[in-house]
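Dear colleague,

After it you will find my notes on what was found, written for someone who has not worked with it before.

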Amino acid sequence: MKHFLNTQDWSAEALSGLLDLATELKANPINDRLAGKSVALLFLNPSMRTRTSFQLGMQQMGGIAIVLEPGKDAWGVEFQPEVVMDGDAEEHIAEVAGVLSRYVDLIGIRAFPKFKDWSVDRTDHVIKALAKHSSVPVINMETIVHPCQELALMQTLRERFGSVKNRKMVLTWTWHPRPLNTAVANSALLIGTKFGLDVTLLCPEEAYLLDEQYMEAAEANVAASGGSLTVSHDIEEAYAGAEVVYAKSWGALPFYGRPEEEWELRKNYRHFMVDEAKMAMTDNAVFSHCLPLRRNIKATDGVMDADYCVAIDEAENRLHVQKAVMLTLLGKESS
Ligand code: CP
């Protein structure tokens, strides 16, 4: 049984097939290919785009989506194995996954890391526990990676450029007042290198490098795809000649769980915000971000309102790529 936990588990050819299917679905969005099918969507964290696009996507193909918010409108869930459950959680993922697998055909989960101990969170243990106990395919709706966002970004770039190979993409850290999840940055790094782009990871200093498991995976992707990976701490050098600027803010992993200490670094880097002057250094680059985005913190109004901003296109493409993922996991990719 195939899950959609991480794009590294999928070949470039298989991911490309998902994008081709997403393009077909974008042209012809309404069908009954998932009539009688269902997905349970477990949200342990807030969402606007993911929740709306999955629910709507299932409905557009004749199926139904059931949204559950464990700890709010559903029982809180324990994900650790062999634990004495004397905390807040009323039931274990073994039973949650077992029961939902009897009801529905797919299970999606959003479970952000806890921001306490990166050595624990970096294992992505929550979604792995769900996949272990589920007898239906599981979809990652964002944990420490965000593979659905990856596909939407790549569909958007393919629409804009046709061939993306060896296009220069700057994945830039940008300002935010507090340390955020590295998931989207990890994912942009993975999908950019998987599809052969020349990726420059721009971050303020070494402390903001992404986890070595993703840096190493990106190097392996580059070796297979013919792209490249460069790390830079120099804004002018990184933006020069860029054709894609992809922005995200994230926390410095050496200070994970210690936001007050991390602030002593972070406070120095407000100038990483994406603005019109930086975009003018590029080769007429497109700009994007996964959203939500704080205007004039992460990127200026001028950047967000420019013709080169494709963030809304990327958000729309979440709908189409997720429909392709659901069809493919259920073996319904051929119409
Ligand atoms: N980009 C994204 O996943 O948006 P939401 O957090 O609103 O779902």
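**Aromatic residues in the interior**

Trp173 and Tyr269 are both buried, where buried means under 20% relative accessible area, exposed means over 50%, and partly exposed lies in between, with a 1.4 Å probe and protein chains only. Please keep in mind that this is a predicted model, in which local features need pLDDT of at least 70 and side-chain atom pairs count only at pLDDT 80 or more, while totals for chains, interfaces and linings use all residues. Residues are numbered from 1 along each chain as its sequence is written, and side-chain values use heavy atoms, with hydrogens and water left out.

A search of the whole structure finds 9 aromatic pairs, a pair being rings of Phe, Tyr and Trp (its six-membered ring) whose centres lie within 6.5 Å, with planes under 30 degrees apart counted as stacked, over 60 as edge-to-face and the rest as tilted.

**The ligand**

Around the ligand stand Ser47, Met48, Arg49, Thr50, Arg110, His146, Gln149, Cys290, Leu291 and Arg318, a residue being counted if one of its heavy atoms lies within 4 Å. The shell draws at least three residues from each of domain 1 (7-145 + 318-329) and domain 2 (149-314), with bounds that come from an automatic or database domain assignment.

Polar contacts are pairs of N or O atoms within 3.5 Å; within protein, one must be able to donate a hydrogen and the other to accept it, and residues adjacent in sequence count only if both atoms are side-chain atoms. A polar side-chain atom of Ser47 lies 2.7 Å from an oxygen atom of the ligand, and a polar side-chain atom of Arg318 is 3.1 Å from a ligand oxygen atom. A polar backbone atom of Leu291, in turn, is 2.8 Å from a nitrogen atom of the ligand. The protein covers 93% of the 260 Å² of accessible area that the ligand has on its own, as computed by the Shrake-Rupley method with a 1.4 Å probe, where for residues only the protein chains shown count as cover.

**Backbone details**

Leu291 is also joined to Pro292 by a cis peptide bond, with omega at about 5°, and Pro292 is found in the loop between strand 11 (286-288) and helix 12 (301-304). Asn296 lies in the loop between strand 11 and helix 12 and has a positive phi, near 65°, in a residue other than glycine. Asn296 counts as partly exposed because its relative accessibility is 41%.

Asp124, in the loop between helix 4 (118-121) and helix 5 (125-133), has a positive phi of about 55° although it is not a glycine. Asp124 is buried, because its relative accessible area is 12%.

With kind regards

Note on methods
Helix = DSSP H or I, 4+ residues; strand = E, 2+ residues; numbered from the N terminus.
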